[in-house]
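Dear colleague,

My notes on it come directly after.

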Protein chains: 2
Amino acid sequence: MTGRPTLAVVGATGAVGTVMLRILSERADIWGEIRLIASARSAGRKLTVRGAQVEVTALSEDAFDGADIALFGVPGEVAAAWAPVAAARGAVVVDGSGAFLADADVPLVVPEVNPHALRSRPRGIVASPGSATLTMIVALGALHAEYGLRELVVSSYEAASGAGRAGVDTLRAQLALVAGTELGTQPGDLRRAVGDATGPFPEPVALNVVPWAGPPRADGWSARELAVREETRKVLGLAALPVAVTCVQVPVVTTHSLTVHARFQREVAVDGAREILATAPGVVLCDDPAAGEFPTPADVVGTDPTWVGRLRRALDDPAALEFFVCGDNLRKGAALNCVQIAELLAGPAGGEPAGADRPGVTGL
Amino acid sequence: MTGRPTLAVVGATGAVGTVMLRILSERADIWGEIRLIASARSAGRKLTVRGAQVEVTALSEDAFDGADIALFGVPGEVAAAWAPVAAARGAVVVDGSGAFLADADVPLVVPEVNPHALRSRPRGIVASPGSATLTMIVALGALHAEYGLRELVVSSYEAASGAGRAGVDTLRAQLALVAGTELGTQPGDLRRAVGDATGPFPEPVALNVVPWAGPPRADGWSARELAVREETRKVLGLAALPVAVTCVQVPVVTTHSLTVHARFQREVAVDGAREILATAPGVVLCDDPAAGEFPTPADVVGTDPTWVGRLRRALDDPAALEFFVCGDNLRKGAALNCVQIAELLAGPAGGEPAGADRPGVTGL
């Protein structure tokens, strides 16, 4: 190759894009140019990446010229429209929006679990799962490799930043309204206090939990719940895995938590599962509740790994494990997984080679 | 009978006792004397019940003389010591502390589900389940009666008032600390801000979720999780029911929520389940998420029923249902269930007669 690859970050000014730039600045620098792309109204702004100021370019067809890899940190409708454009201009797109979940010819990749899926990307697009799936999938993948996953029942405790900056701003504004009051003790008092200021949520989230994140799909399921099922099946290569998910919004700023009931093909030994999780790349086992050791969002936020605690075998099923898992939904749950995929694409150093269907860049 | 029964309320000044007095004041008045009992330091205080001021009596053996029924709204160690005393003095004790969960000769009763269990109470003590179990058990009992429960996977979203007044005070104090700040975005920032002021919780609860409520039991389970399993089995009369529970504390003042994955003996039809829940006593079905209808703690707090929403059949198992359920942990989850048991004991009007092993009071 003649030089380091050029990386474009699309949606560089958004909640996920901001974290992408921070992560790119923290990790080993393998990139040539890092080009920042955002909507026309953000063009000309300067953002810091790798310690240098970089001017934001407006999203356009030409913006992708010469880019080897394009990280998309944008809403689904923007990704659906622009990822094919970037791919046509020669960039390999890494998209975290979920826009391509239903496409069999767009691989869905978690570098710790299925890096081999990167090999085939006929449309020049690679997808990264949503944040709820990414909260558990690295730990789950490690256990599946040993025991063979047979069934999954999952409940989520999802942070406000999963709904972007508007989610965080809404939670903070509601917290300011309820702090110092006696709200939360009479039916409807929170809703009256908050009024229409529910932001991206259907109900108040401060001092509340909201068991719904639309849009709705058939038979009472939400799109997000079905996405967790589809993503888990796709990443683990288990097309018929039974997965039951309930997604619930909680008043946490950043870091999703999940309770996981995982049933396996064969009997599990807790000590064996513990050993697997303690040594799995990208996983931290934090599990001694009697000594105060279990993960919570407040301790996990801002960190990269999947944190697993409360690991125990089901009392009534020797083939099932229960655990609680936390992960920063903006880092591993979004920006970090995309950056890891880009690193894999950029060269063999980052993991399994991704093929060599494009000259000039190692691994691309 | 010569008169209306005398009711003693033990722990009348506490979080649960306060709600007991409120509920006794709201419901049909079937009681003669209502006697208020609390620790010596609260003796002499006057509290309002049924619109009248009543002076608090200090807890003592004599305090139970002439009481027909004694509602215990006190911690487990107080109940363990004093319930047998009250029973020896002739009162039927209704205890919500969990102190007698392991006792086969103390029936565990939910009036909508197993009122018949009241018939046999050889020790003169009747127990009421804990708040997490009571959040789901009325809905679950109705579904079990039709479909036959075979397995349960439950995750809780538990309110601060489950830890009493100290829990609520701690949550409110932490909210005041974090409101108007950028806390919740850096690892450990909440813990540093909160310092040692975690009250009854092992970690900060504001802007956090805490997957642990001790004390610890064997193999990584908490006492609360095992209690949900034992209580569910005992109330439903399913001694070997597989139950997997994870209890998680969330920053809500009052009203627990649970996600429930319930597998039945036979195939379930969602329409049939909907009909059962819509007509079951003590249950409100609130389930049209596309129209914004699902229960949240903010709407349910202060109400009596079990609110069920997000009802759907598991996509991969025609015999399993998923649902989300909310219930006020101080009302049905504690005080109300005890009052309902007392009403059943006091006479046939309140439900199934409880036997007539004691003269002078109908049903006792």
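This is a predicted model: local features need pLDDT of at least 70, side-chain atom pairs count only at pLDDT 80 or more; totals for chains, interfaces and linings use all residues.

Residues are numbered from 1 along each chain as its sequence is written, chains are lettered from A and ligands numbered from 1 in the order in which they are written, and side-chain values use heavy atoms, with hydrogens and water left out.

**The interface**

Contact (heavy atoms within 4.5 Å) joins 76 residues of chain B to 76 residues of chain A. Between them the two chains bury about 5700 Å², of which 61% is on carbon and sulfur atoms; buried area is the accessible area (1.4 Å probe) that two parts lose on being put together, summed over both.

Ten salt bridges are counted between chain B and chain A, a salt bridge being a side-chain nitrogen of Lys or Arg within 4 Å of a carboxyl oxygen of Asp or Glu. One of them pairs the side chains of Glu225(B) and Arg312(A), at 3.6 Å from N to O. The count of residue pairs in polar contact between chain B and chain A, both residues at pLDDT 80 or more, is 34. A polar contact is a pair of N or O atoms within 3.5 Å; within protein, one must be able to donate a hydrogen and the other to accept it, and residues adjacent in sequence count only if both atoms are side-chain atoms. On the side of chain B that touches chain A, the residues divide into 40 nonpolar, 19 polar and 17 charged. Here Ala, Val, Leu, Ile, Met, Phe, Trp, Tyr, Cys and Pro count as nonpolar, Asp, Glu, Lys and Arg as charged, and the others, Gly among them, as polar.

Thr296(B) has contacts across this boundary. This residue lies in the loop between strand 11 (283-285) and helix 8 (297-300) of chain B; helices (H or I, at least four residues) and strands (E, at least two) are DSSP runs, numbered from the N terminus. Neighbours within four places in sequence aside, Thr296(B) is in contact with Glu203(A), Asn208(A), Val209(A), Val210(A), Pro211(A) and Cys326(B). Is Thr296(B) buried or exposed? Its relative accessible area is 0%, so Thr296(B) counts as buried; buried means under 20% relative accessible area, exposed over 50%, and partly exposed in between (1.4 Å probe, protein chains only).

**Salt bridges within the chains**

Over all chains, the structure holds 51 salt bridges. In one of them, Lys332(A) and Glu112(A) meet at 2.8 Å, N to O. This pair links distant parts of the chain, 220 residues apart: Lys332(A) is in helix 9 (residues 331-346) of chain A, and Glu112(A) is in the loop between strand 6 (92-95) and strand 7 (125-127). Lys332(A) is buried at 3% relative accessibility, whereas Glu112(A) is partly exposed at 30%.

In chain B, the side chains of Arg27(B) and Glu343(B) form a salt bridge at 2.8 Å, N to O. These two residues are 316 apart, with Arg27(B) in the loop between helix 1 (15-26) and strand 2 (34-38) and Glu343(B) in helix 9 (residues 331-346) of chain B. Arg27(B) is partly exposed at 27%, and Glu343(B) is buried at 14%.

**Helix 7 of chain B**

Ala273(B), Ile276(B) and Leu277(B) are buried in helix 7 (residues 270-279) of chain B. Seen down the helix axis, these buried residues fall within an arc of 90 degrees, so they line one face of the helix; the arc is that of the directions from the helix axis to the C-beta atoms. The face turned away from the buried side carries the exposed residues Asp271(B), Glu275(B) and Thr279(B). Among the elements covering the buried residues are helix 3 (131-147), strand 11, strand 12 (306-313) and strand 13 (320-327) of chain B.

Most residues other than glycine have a negative phi. Leu207(A) has a positive phi, near 55 degrees, and Asp219(A) has one near 60 degrees. Leu207(A) is found in the loop between helix 5 (189-194) and helix 6 (223-236) of chain A, and Asp219(A) lies in the loop between helix 5 and helix 6 of chain A. Leu207(A) is buried at 3% relative accessibility, whereas Asp219(A) is exposed at 62%.

With kind regards
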